[in-house]
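Let's take a friendly walk through this model, with the cut-offs given along the way. Here it is.

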Amino acid sequence: SVTGVQTCALPIYLKIQVKTCNNLHPRIVVFCSSDAEYPEFIYKAIKNIGPDPIFIIAGKPGENELDYRKAGVRYFIHARTNVLETLQKLEQDLNV
C-alpha cells in the first residue's frame with residue numbers, strides 16, 4: 001500500500017492473483033506483463049475484478065488503447081509516461 005492506498009500489482013500470467021486481488025479490495029490495480037500478452041487476459045481480469053479499482057497497464061497500449069479504455073483501463077505507464085502528471089491525476093482520482 002502506498003500513502004494509505006490499497007494497491008494490487010498483477011503479473012498477468014498469474015490468474016490466481018485475480019481472486020487474491022478481489023479479497024484485498026484495492027483502489028488501484030496494475031497489470032504487469034509484456035505488451036503482447038495483455039489482450040489474452042486483460043478483459044477477463046477486469047470483468048472478474050469489477051469496476052471499482054483504477055486499472056493501470058504497465059506498458060504501451062499501442063493499437064489496443066481504445067479497447068483497453070472501453071474495458072476500464074484509465075492509465076498506461078511506460079518509458080514515455082509523464083510520471084509527475086500521472087501521479088497528480090491519480091491523486092485526484094483517489095481524492096488524496
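Are Phe31 and Phe55 buried or exposed? Phe31 is buried, and Phe55 is buried as well; buried means under 20% relative accessible area and exposed over 50%, with partly exposed in between (1.4 Å probe, protein chains only).

## About the model

This is a predicted model, in which local features need pLDDT of at least 70 and side-chain atom pairs count only at pLDDT 80 or more, while totals for chains, interfaces and linings use all residues. Residues are numbered from 1 along each chain as its sequence is written, and side-chain values use heavy atoms, leaving out hydrogens and water.

Helices (H or I, at least four residues) and strands (E, at least two) are DSSP runs, numbered from the N terminus.

## Aromatic pairs

There are three aromatic pairs in the structure. Rings of Phe, Tyr and Trp (its six-membered ring) pair if their centres lie within 6.5 Å; planes under 30 degrees apart count as stacked, over 60 as edge-to-face and the rest as tilted. One of the pairs joins Phe31 and Phe55, which are stacked at 5.8 Å centre to centre with 20° between the planes. Phe31 lies in strand β2 and Phe55 in strand β3, so this pair ties together parts that are 24 residues apart in sequence.

Tyr68 and Phe76 make a tilted pair, with 6.3 Å centre to centre and 40° between the planes. Both Tyr68 and Phe76 are buried, and together with Tyr43 they form one aromatic cluster.

## Nonpolar cores

A nonpolar core is a set of buried Ala, Val, Leu, Ile, Met, Phe, Trp, Tyr and Cys residues joined through side-chain atoms within 4.5 Å. The largest one has 14 residues, and those with the most contacts inside it are Phe31, Ile42, Phe55, Ile57, Tyr68 and Val73. At least two residues of this core come from each of β2, α2 (38–49), β3 and β4, and α2 gives the most, with six residues.

Take Ile57: leaving aside its neighbours within four places in sequence, its contacts (heavy atoms within 4.5 Å) include Phe31, Ile42, Tyr68 and Val73. A second, separate core of six residues includes Ile54, Ile56, Tyr75 and Leu90.

## Helix α4

Helix α4 (residues 83–94) has twelve residues and reaches 16 Å from its first C-alpha to its last, close to the 16 Å expected; the expected span is 1.5 Å times one less than the number of residues. Thr86, Leu90 and Leu94 of α4 are buried. These three cover an arc of only 65° around the axis, which puts them on the same side of α4; the arc is that of the directions from the helix axis to the C-beta atoms. The buried residues of α4 pack against β2 (28–32), β3 (54–58) and β4 (73–77), whereas Leu84 and Gln92 are exposed on the other side of the helix.

At the start of α4, a side-chain oxygen of Asn82 reaches to within 3.3 Å of the backbone nitrogen of Leu84. After α4 comes Asn95, with a positive phi near 55°.

## Thr81 in its loop

Which loop holds Thr81? Thr81 is found between β4 and α4, and it counts as buried because its relative accessibility is 15%.

A polar atom of the Thr81 side chain lies 3.3 Å from the backbone oxygen of Phe76, and a polar atom of that side chain lies 2.7 Å from the backbone nitrogen of His78. Leaving aside neighbours within four places in sequence, Thr81 is in contact with Phe76 and Thr86.

Methods
Polar contact = N/O pair within 3.5 Å; in protein donor to acceptor, adjacent residues only side chain to side chain.
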